[in-house]
Amino acid sequence: MSVQLPIYLDNHATTRIDPRVLEAMMPYLTDVFGNAGSRNHSFGWKAQAGVERAREQVASLIGADAKEIVFTSGATESDNLALFGVARFYKDKGRHIVTALTEHKAILDSCHALEKEGFEVTYLPVDKDGSVSPEAVAAALRDDTILVSLMWANNEVGTVNDIAGIGKICRERGVFFHSDAVQGIGKMPFDVAAMNVDLVSISAHKMYGPKGIGALYVRRGRPRIRLEPLVFGGGQERGLRSGTAAVHQIVGLGAACAVAQQGLAEGESDRIRALRDRLWDGLRANLDELYLNGSWERRLPGNLNVSFAFCEGEAMMMAIKDLAVSSGSACTSASLEPSYVLRAMGVDVELAHTSIRFGVGRFNTEAEIDYAVKLVTEKVGWLREMSPLAEMVKEGIDLKSIEWAAH
Amino acid sequence: MAYSNKVVDHYENPRNVGSLDKNADDVGTGLVGAPACGDVMKLQLKINEDGIIEDAKFKTFGCGSAIASSSLVTEMVKGKTVDFALGINNAQIAEELKLPPVKIHCSVLAEDAVKAAIADFKKKREAKRQPVAE
């Protein structure tokens, strides 16, 4: 079976829009162009109906009520709204927030900004797999803790946190719990009630929907979460997020959630996991000195993050340019520092430079995976031939025994 | 990273990859960089009695521009005198490859590798002459 090149294996970065999603969106870019806020004519009513249907579709995927869904411009805004919104509203109740070192920058940068506003933030360390245990959360809670923010699945290594366990502790202690769940939503079952999560960030483009749209789930039941808004204006989204509704985008997010919900019921995750396993099995059969980053058991179905010893990540990506992947190598970042997630997990800095993240998704095929295994095998061999480190190890030299000159 | 065609060419078709006998008297070996920094270059030069660099080989662990810088520098020094090689500076390499600013350190590493290899060669030669003088 032939494959079309290049092959997209970077589905944690973004995903292709599902044709069913695009189809649902199209009328809202043409005939149904009304402002969902126009209450006095059919153009507005039709737009509003599209928005409200989407709200139900999003809510349904996570076991929420439609009234608990706030549309935003994406997960970064959702994360910002959750953190700033809770912190500023409840600042008289307490000023302590708990998060982790491996969170997305949308969380970490928001926390840094909140520190300047006088909040105190605890950045929990992670274990070697990159996860935070409920016990570690419990130990970090204080009388003045108002919010815990921990991601569901990590975007680099795919490690899945025990959200239900953490949620249970937060509920018992009366602390609000936010989760950036963008990597996992639509790929694994999620239920806000069973997991005791109070705020959830969702992104459309990570689940085969359009870019520029996301949602924040905000619990209205017990406890009811109040937020200080970040965007002011016409009072849309119950005053939590002003601005004319991006109807076609919202409809796209809703459709993406509906398609994902159907996929979950039909076992799509098992199919993607099988492709990911095929990739890992193929690589392991052909190559030695491979190091898996993150937990194997508690992992996103489509994620594979591997360090290919002696092959620097950026050089590797140039060598396998027919595959779109990403790397935790320093040379792919502007800062020239390797991945902060891998570092927090205690991965050797040498190995962090050689890490490659594969993100298998809905549209990948077995033929593509087989092609990837063949190409990576060949190029790792080529790079290791060129690597002085591989040569030294072959000669029996312990690389740690050498006094390298840092530069 | 958007690289120049020259970097891509040297990366995809690296010149003079390999190793020379590091124990040979006429071979100088330079090993620079550090695995923790994401790049290590090994450059070896075979230098004859007249001080001419007869052969140059490299092995590099590093990004595309580190590999390209190593490859280019082997081409630059082959057939040239030791003095010429010592005069090569990183700016020449960076300009030839049109390296982006964030990758300038790769060209510095290549310059350092040449200097380290020649220093190693000179050290070997001194050590060899020492017993003769006694």
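Between chain A and chain B of this predicted model, 15 residue pairs are in polar contact, both residues at pLDDT 80 or more. A polar contact here is a pair of N or O atoms within 3.5 Å; within protein, one must be able to donate a hydrogen and the other to accept it, and residues adjacent in sequence count only if both atoms are side-chain atoms. Helices are DSSP runs of H or I with at least four residues, strands are E runs of at least two, and both are numbered from the N terminus.

The size of an interface is often given as the accessible area lost when the parts come together. For chain A and chain B the buried area is about 2,500 Å², with 68% given by carbon and sulfur atoms; this is the accessible area (1.4 Å probe) that the two parts lose on being put together, summed over both.

Five salt bridges cross the interface of chain A and chain B, each a side-chain nitrogen of Lys or Arg within 4 Å of a carboxyl oxygen of Asp or Glu. One salt bridge joins the side chains of Lys103(B) and Glu314(A), at 3.0 Å from N to O.

Now to the aromatic rings. Over all chains there are seven aromatic pairs. Rings of Phe, Tyr and Trp (its six-membered ring) pair if their centres lie within 6.5 Å; planes under 30 degrees apart count as stacked, over 60 as edge-to-face and the rest as tilted. Here are two of the pairs:

| Pair | Centre to centre | Angle between planes | Arrangement |
|---|---|---|---|
| Tyr208(A) and Phe363(A) | 5.5 Å | 90° | edge-to-face |
| Trp382(A) and Tyr11(B) | 5.5 Å | 85° | edge-to-face |

The pair of Trp382(A) and Tyr11(B) crosses between chains, from helix α13 of chain A to helix α1 (residues 5-12) of chain B. Tyr11(B) is buried, with a relative accessible area of 1%, while Trp382(A) is partly exposed at 27%. Buried means under 20% relative accessible area, exposed over 50%, and partly exposed in between (1.4 Å probe, protein chains only).

Residues are numbered from 1 along each chain as its sequence is written, and chains are lettered from A in the order in which they are written. Local features need pLDDT of at least 70, side-chain atom pairs count only at pLDDT 80 or more, and totals for chains, interfaces and linings use all residues, while side-chain values use heavy atoms, with hydrogens and water left out.
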